[in-house]
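Keep the structure open while reading.

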Amino acid sequence: MEALSTSKEEHMITFQTSPEQYKHWKLNVAGPVATLTMDVSEDVTLGEGYKLKLNSYDLGVDIELADAIQRLRFEHPQVKAVVITSLKPRIFCAGANIYMLGTSSHAFKVNFCKFTNETRCAIEDDSRHSGRRYLAALNGTASGGGYELAIACDEIYLVDDGNSAVSLPEVPLLGVLPGTGGLTRLVDKRKVRRDRADVFSTLAEGLKGKRAKEWGLIDDYFPTSKFQESIDARVGEIVGTNGVGHASDGIKLNPVQLEVKPAGLEYKYVNLVLNREQRYADLTVRGPEDDLPTTPEEIQTLGDAYWPLQAYRELDHALLHLRVNEPEIGLVCVRTEGNIDDVLTVDRTLAANQEHWLVREIVLYMARVLRRLDLTAKSFFAIVEPGSCFAGNLLELLLASDRSYMLNNEDEQVVLKIGVLNSGALPMSNGLTRLQSRFLATPEKVDEVLDHSGAFDTEAAAEAGLITFAPDDLDWEDEIRVAIEERTSLSPDALTGMEASLRFAGPETMDTKIFGRLTAWQNWIFQRPNAVGPEGALTNYGKPTQAHFDFKRT
């Protein structure tokens, strides 16, 4: 992972890497089969004071995993089966490195867990929508986050060598929760019985082959002498029956190009300006140029330079930068610039060609980036001004924001427009569109908005319920300034809880349970003395000192 240097003379984490730069994973693609092999270099860490022993991981390891999953989707569309395994003898993965967690700030711990969750959700998204099957070939013990990586896969196979087990030891050993959706996936995804899940989650040593299979924690187990043979046989079955793979070549994902400035990041289509003293940022997304491709062949020729893919990769990078490197930025003012009709033309092209593998992957990626925004612990205010292009897929930025301000000025045209992608192609984690989430009380308004012909000017947008405030030109600057000052004066902890509670109205899904419970419970538990106090379990892990708990239940 490269570092961004800033005016603060700090090394900041970026989220860009590539297979030739991997230090912890090996990606091998052989026709329809890809193998992702975990071989963590224990001395290559993002922080100091710990070693990544036993295939334990820090954020740097997971950044490589996320990159590999992304490259499989765009660069290797022919792949039908992905095997995730380890090169370490008798160990698959020991999970998140405990010493890294014990020495990290609270904010870093929570954002680390959030990113690892998003990576595992990306695996499931690939399986659900693109048809690749993921197999966890556990050649040794998988504990904590290691088992949580396995449980994100479609199938789990464990070596039966007399020692290897699967476990979630966080509660008994560390006084915290499994941070990557393990508890939720146990009962929601694998449908393990609640009482068995209770036992498993408090059993530090975990369960081995026969019992693990009986309880539904793994799909099968094989003796060491037949383990690889059995995995190969299962992969062969999948490749023979899975017709989703594509013969066409993928596209190359080149590094996202950006210029690091003293007060922000500048990309081709995204501009991030950091107003650190006022604790807010201006994030501007520029719309596409005209003369964009209209056929899948033209899109594939353009590759990662095609506007939807390049702009959303830049947006994704900016969001991750804000999360991890700018913890004191509490508010992001979202703006757009460009031609509305060009944005809508892109939407129509994507919708018309959604059966093509690359177009499908681009739209799915756009949806994941928008969900990343939904799940980011910052306030978002959309600012709609002359020259804005909040339309179609970029209108989702406004709908995802906590508030929106749209200038009401008769002398200057300020409009919003609906596009074909607003009707369901870019869902939230709760499975609803952002329009459906917005109009839960009046679902008929969703169809009214989608059926609206032409643009919404400021008054029409306000009447339709698409915006929050419509100041006139006399009050505009003052109202925006006051709103920014008020928001950034509030408790960031309270705002995080408030926003997470308000953004996901409607039904629960496995994803909303995972992220909602992570926000609520892990935020709380990571602050409690039983975990991180002088005598806490996380603080004293690996030390001769035994943890001492305050046993009062709260």
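The bend at a residue is the angle between two fitted axes, one for the seven residues ending there and one for the seven starting there. Helices are DSSP runs of H or I with at least four residues, numbered from the N terminus. By these terms, helix 20 bends by about 30 degrees at Leu-518.

This is a predicted model: local features need pLDDT of at least 70, side-chain atom pairs count only at pLDDT 80 or more, and totals for chains, interfaces and linings use all residues. Residues are numbered from 1 along each chain as its sequence is written, and side-chain values use heavy atoms, with hydrogens and water left out.

**Helix 20**
- Helix 20 has 16 residues and spans 21 Å from its first C-alpha to its last. That is close to the 22 Å expected at 1.5 Å a residue (1.5 Å times one less than the number of residues).
- Its buried residues include Met-510, Ile-514, Phe-515 and Leu-518. Buried means under 20% relative accessible area, with a 1.4 Å probe and protein chains only.
- The cover over the buried residues of helix 20 includes helix 3, helix 6 (182-189), helix 19 (492-503) and helix 21 (529-532).

**Helix 3 against helix 20**
- The axes of helix 3 (residues 106-130) and helix 20 (residues 510-525) come within 11 Å and cross at roughly 170 degrees. Axes are lines fitted to C-alpha atoms over the stretch in contact, and angles run from 0 to 180 degrees between N-to-C directions.
- The two helices, helix 3 and helix 20, are therefore roughly antiparallel (over 145 degrees).
- The contact of helix 3 with helix 20 divides into seven nonpolar, four polar and four charged residues. Nonpolar covers Ala, Val, Leu, Ile, Met, Phe, Trp, Tyr, Cys and Pro; charged covers Asp, Glu, Lys and Arg; the others, Gly among them, are polar.
- Among the residues that meet are Cys-113 and Cys-121 in helix 3, and Ile-514 and Phe-515 in helix 20. Contact means heavy atoms within 4.5 Å.

**Helix 1 against helix 13**
- The axes of helix 1 (residues 59-75) and helix 13 (residues 357-374) come within 9 Å and cross at roughly 150 degrees.
- Helix 1 and helix 13 are therefore roughly antiparallel to each other.
- Gln-70, Arg-73 and Phe-74 supply the helix 1 side.

**Burial elsewhere**
- Nine of the nine residues of helix 14 (residues 392-400) are buried, so helix 14 is largely enclosed by the rest of the structure.
- Ile-480 lies in helix 18 (residues 476-488). Ile-480 counts as buried, at 9% relative accessibility.
- Beyond its neighbours within four places in sequence, Ile-480 contacts Ile-383 and Tyr-405.

How values were computed:
Angles under 35 degrees count as roughly parallel, over 145 as roughly antiparallel, 65 to 115 as roughly perpendicular and the rest as oblique. Buried means under 20% relative accessible area, exposed over 50%, partly exposed in between (1.4 Å probe, protein chains only).
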